[in-house]
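Trainee: Could you walk me through how to read a protein model, one feature at a time?

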2 protein chains.
Amino acid sequence: MTGTTSSPASERLASLIGESVDLRHAADVIEWDERVYMPPGGAPVDGEMSATLRRLAHEKFTSSAVGDALETAGAALAGADPDTDEARTVTVTRRDFDKATRVPSDFVAEQARVVSAAQHAWGEARAASNFAAFKPHLERIIELKRQYVTFFPAADHPYDVLLDDYEPGMKTADVKAVFDTLRTRQVDLVRRVAERPQVNDGFLRVPYDEKALIDFSVEVISAFGFDFARGRQDKSIHPFCTSFGSDDVRITTRFVETYPLSLLFGTMHETGHALYEQGVGPRYQRTMLEGGASLGVHESQSRLWENIVGRSRPFWEHFFPRLQQRFPSQLSKVTLEQFYRGINRVERSQVRVEADEATYNLHVMLRVELEIALVEGRIEASDLEEAWDSRMREYLGVTPSNSAKGVLQDIHWSAGLFGYFATYTLGNVIAAQLARAFRAQHSSLDEDMRRGDFSALLSWLRSNLHQHGRKFEPRELVARITGGTIDPEPYLEYLEEKYLAVYA
Amino acid sequence: MTGTTSSPASERLASLIGESVDLRHAADVIEWDERVYMPPGGAPVDGEMSATLRRLAHEKFTSSAVGDALETAGAALAGADPDTDEARTVTVTRRDFDKATRVPSDFVAEQARVVSAAQHAWGEARAASNFAAFKPHLERIIELKRQYVTFFPAADHPYDVLLDDYEPGMKTADVKAVFDTLRTRQVDLVRRVAERPQVNDGFLRVPYDEKALIDFSVEVISAFGFDFARGRQDKSIHPFCTSFGSDDVRITTRFVETYPLSLLFGTMHETGHALYEQGVGPRYQRTMLEGGASLGVHESQSRLWENIVGRSRPFWEHFFPRLQQRFPSQLSKVTLEQFYRGINRVERSQVRVEADEATYNLHVMLRVELEIALVEGRIEASDLEEAWDSRMREYLGVTPSNSAKGVLQDIHWSAGLFGYFATYTLGNVIAAQLARAFRAQHSSLDEDMRRGDFSALLSWLRSNLHQHGRKFEPRELVARITGGTIDPEPYLEYLEEKYLAVYA
């Protein structure tokens with residue numbers, strides 16, 4: 001069926017896993033449909049459908065048949081090269097299988113109930129800006145997270161277990177080390193920038209035509225290399241990327257009339273994810289090696305295309321005249337330099353999803369620190385709002401105007417997603433490492449971008465990163481490409497050089 | 001979960017069946033997606049996904065767990081009213097279960113292989129207009145159909161078994177009786193019409209704007225009562241209707257620039273199907289009672305809205321001025337009478353899918369007669385082309401210009417669909433019976449249509465037909481509504497009155 005199988009045991013495993021992957025993808029198709037085209041009345045039935053598919057996918061994946069096939073396939077490979085596709089398929093499937101079977105189904109059901117109620121309560125609490133109304137739900141979720149950790153072998157740090165769900169093999173110590181380096185220098189950079197005169201981006205706060213903006217974004221992502229024969233773009237309320245294997249990868253976008261950057265950079269961001277998915281080796285289709293290595297590595301791709309490429313001056317040297325042509329009334333009197341500075345405006349804001357490249361990590365950092373403290377038991381839910389607000393002042397120099405714009409702003413905790421936030425920052429950091437590694441081999445990147453040519457970059461990412469899918473864990477992947485560990489230095493240098501110049 | 005369940009045994013059955021329905025609907029969503037939005041590269045993966053879903057849906061439905069639940073639920077209902085929703089759910093599920101479990105899975109697999117090869121060969125044979133190239137495949141399919149019949153208890157006629165897959169409870173004798181009445185009078189009607197001067201429809205053979213035509217068709221189907229909160233309309237190469245339960249029903253349409261009727265009547269046709277699906281009782285969702293009673297009853301709805309309503313004069317008294325407004329250059333000089341006659345032009349053509357209302361049944365009749373003769377063994381595949389051509393001359397007075405426009409024109413036989421064609425004619429016949437029954441209670445139908453008001457008709461169809469889903473078999477349903485059997489008389493009278501006037 002795929003190039004990853006060879007022994008009969010591996011074939012048997014591939015056939016069982018293929019079925020479970022099909023069910024998961026089917027649920028993904030239905031969830032894409034729900035968010036893009038489904039008529040409103042269809043929601044309840046579609047909800048039941050996707051719940052059934054997810055349950056059956058889980059049942060198939062955690063069945064004793066898969067367990068047996070893993071044993072047999074593992075035994076057949078004993079002593080062989082552990083890095084072949086066949087061996088790695090067994091290793092990765094084994095890792096996922098162990099994780100999936102360690103958690104009792106009673107716990108999974110209870111967590112689903114708690115999260116469902118918590119998400120509802122969070123929505124109401126946020127609308128009323130009332131943290132107290134959400135607190136009991138959050139307390140229950142924290143309890144469950146602490147309990148979840150106990151299902152796994154003792155780790156160096158209990159938070160490792162949570163992190164591992166999104167970043168296989170990543171340790172709390174790694175994340176802390178990255179943040180410790182980032183914290184001082186990034187807080188300092190933002191403070192220095194804030195002291196300088198603000199840049200003007202008024203020309204980005206006027207109405208732009210949707211159709212013309214979408215056409216422009218399609219021109220950009222086609223140049224990036226998004227393959228429309230193996231993907232499509234639609235509209236949805238929240239932009240996302242989903243894939244049903246590397247040959248059908250879909251992104252969505254959102255239009256905000258008086259803020260064109262939302263569509264522009266949102267599209268580049270999702271395209272970064274999509275290019276990764278479209279680049280995964282076809283031999284991994286319907287195996288546990290398809291998809292990206294981790295959320296952080298995935299985010300490295302979206303951030304690389306959105307920020308390092310899409311917010312760079314060489315990129316706009318090529319594309320700004322084209323954008324001006326489409327929007328003469330808004331942009332004909334704006335210079336490239338004004339535009340470049342406008343799209344890189346830094347603001348010390350309260351809300352993460354509105355944060356710019358220079359401040360984003362500070363928002364993430366405070367969340368991850370609070371999560372670690374909660375898991376360690378150093379703080380409780382009742383301490384959260386105060387801890388949040390004091391860190392906001394310390395890192396960003398702002399105080400949330402209310403709970404809705406503070407501790408209640410994100411959906412993640414109500415959804416039970418602990419360990420997730422760190423992946424955003426890891427993505428930024430890895431993106432800069434990849435860009436540096438690429439430039440070391442291809443010094444002409446800026447020249448390429450000035451010509452609108454991204455083929456060398458994409459092809460390098462394809463062969464060094466994309467094609468491997470989930471074969472390697474994040475740290476292993478970074479080591480293979482950069483020869484080192486996950487290191488925030490290139491990112492800090494990139495930020496400092498760029499923003500001290502923008503705010504020169 | 002639904003209003004149809006009450007005893008614990010019925011609840012258990014409902015839960016098992018609900019899961020299998022979810023899987024089937026998921027496959028339906030994926031197949032809708034394939035035909036409407038999927039990027040071309042996604043085809044192979046989507047194909048595997050939907051094959052897995054169909055296989056699992058079948059496995060779930062035919063499992064011993066369902067067999068046991070049917071036994072228990074049936075026993076719990078012994079002696080109770082057999083017509084309650086609960087009892088009928090068990091009866092219909094039992095009927096489907098028995099049919100699905102009688103056919104050995106080896107046979108199903110073999111048939112799938114044969115059909116797959118046959119469809120490919122049919123496509124090539126049709127392109128080359130070479131029946132001989134398709135004949136060996138057809139022979140194998142005929143063998144399989146004869147074998148299929150042997151898996152079931154002896155019926156009055158072997159063709160009954162095939163018919164029953166599309167028209168539960170319908171007998172070959174019923175179909176023959178309908179066709180015997182239709183044949184003479186409809187052949188005669190078409191001959192009389194052909195002797196009169198042809199009507200002019202030149203104004204329908206010029207370019208029409210797609211957007212304006214779609215807007216108009218949306219106006220029409222909104223007036224019919226299509227609920228866009230529980231459905232949607234998209235474009236596809238071949239128009240179709242699909243539903244994932246009554247709250248998510250989707251139709252597609254096709255635009256042919258120089259033949260606006262294709263989009264107009266195609267949309268009304270699919271809307272007829274959709275109104276049926278949207279009207280099925282919500283209590284039947286995720287049970288075997290959801291959906292339509294049979295293909296024939298389904299077709300009665302599409303034909304009723306497309307032909308009896310959509311090709312009527314009163315309908316166009318309301319809508320023609322509106323159409324003229326949208327297309328002044330094409331229609332401002334056309335009178336209502338000219339338009340009405342133009343859309344009801346009769347032509348003795350070779351190809352079924354291009355046939356008009358007056359000739360359609362004759363195309364169907366010859367196919368059904370040939371299928372019956374094949375199943376009886378009175379003819380073989382090698383006799384088919386000659387038998388086809390001679391009937392075409394007899395019924396329609398035309399000789400196919402080649403095999404592609406004759407015996408090879410339809411996909412059905414290559415797909416193993418024997419017993420299917422009759423449902424088109426049954427649909428026409430039942431549609432006319434329903435219209436007559438409705439007019440007997442609501443003499444103002446024409447007046448309603450002149451005002452663009454279809455609410456009384458839809459509401460009558462909802463309460464007499466739609467809401468029952470698959471609870472009653474087609475003959476039972478017709479008896480409940482009309483007090484009689486499936487009777488071609490109303491249809492013949494409708495046709496004769498209408499077409500002798502159009503061609504007066």
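Mentor: Gladly; we will go from the overall build of a chain to its sheet and then to single residues. Keep in mind that this is a predicted model.

Trainee: Let's begin with the whole chain. How many helices and strands are there in chain A?

Mentor: Chain A has 21 helices and three strands.

Trainee: And how does the radius of gyration of chain A stand against that of a compact globule?

Mentor: The general idea is to compare the value with a rule based on chain length. A compact globule of 504 residues would come out near 23 Å, and because chain A has 23 Å, the two agree. Along the principal axes, the C-alpha atoms of chain A fill a box of roughly 70 × 50 × 50 Å.

Trainee: What share of the residues of chain A is buried?

Mentor: Of its 504 residues, 59% count as buried. The accessible surface of chain A is about 19300 Å², and carbon and sulfur atoms hold 51% of that.

Trainee: Do β1(A) and β3(A) run parallel or antiparallel?

Mentor: They run parallel, and five bridges join β1(A) to β3 (residues 249-253) of chain A. For one bridge to look up, take Gly231(A), whose partner in β3(A) is Val249(A).

Trainee: What is the strand order in chain B?

Mentor: Chain B also has an open sheet of three strands, with mixed pairing and the order β1-β3-β2. Its edges are β1 (231-235) and β2 (241-243) of chain B; each has a single partner strand, so one side of each lacks a neighbour in the sheet.

Trainee: Let's turn to single residues. Is Trp122(A) buried or exposed?

Mentor: The step here is to compare relative accessibility with a cut-off. Trp122(A) is buried because its 10% relative accessibility is under 20%. This residue sits in helix α5 (residues 105-128) of chain A. Beyond its sequence neighbours up to four places away, Trp122(A) touches Phe134(A), Leu408(A), Gln409(A), Asp410(A), Ile411(A) and Ser414(A).

Trainee: Where does Ser50(A) lie?

Mentor: Ser50(A) belongs to helix α2 (residues 43-61) of chain A, and at 9% relative accessibility Ser50(A) counts as buried. Leaving out residues up to four places away in sequence, Ser50(A) touches Ala27(A), Ile30(A), Glu31(A) and Glu34(A).

Trainee: Last one: how many disulfides does a search of the whole structure find?

Mentor: The search finds zero disulfides over all chains. As for accessibility, Cys241(A) is partly exposed at 22%, and Cys241(B) is partly exposed at 22%.

Terms used:
Residues are numbered from 1 along each chain as its sequence is written. Chains are lettered from A and ligands numbered from 1 in the order in which they are written. This is a predicted model: local features need pLDDT of at least 70, side-chain atom pairs count only at pLDDT 80 or more; totals for chains, interfaces and linings use all residues. Side-chain values use heavy atoms; hydrogens and water are left out. A disulfide is a pair of cysteine sulfur atoms within 2.5 Å. Buried means under 20% relative accessible area, exposed over 50%, partly exposed in between (1.4 Å probe, protein chains only). Two strands pair if DSSP finds at least two bridges between them. Helices (H or I, at least four residues) and strands (E, at least two) are DSSP runs, numbered from the N terminus. The radius of gyration is taken over C-alpha atoms; the globule rule is 2.2 Å times the number of residues to the power 0.38. Accessible areas come from the Shrake-Rupley method with a 1.4 Å probe; for residues, only the protein chains shown count as cover. Contact means heavy atoms within 4.5 Å.
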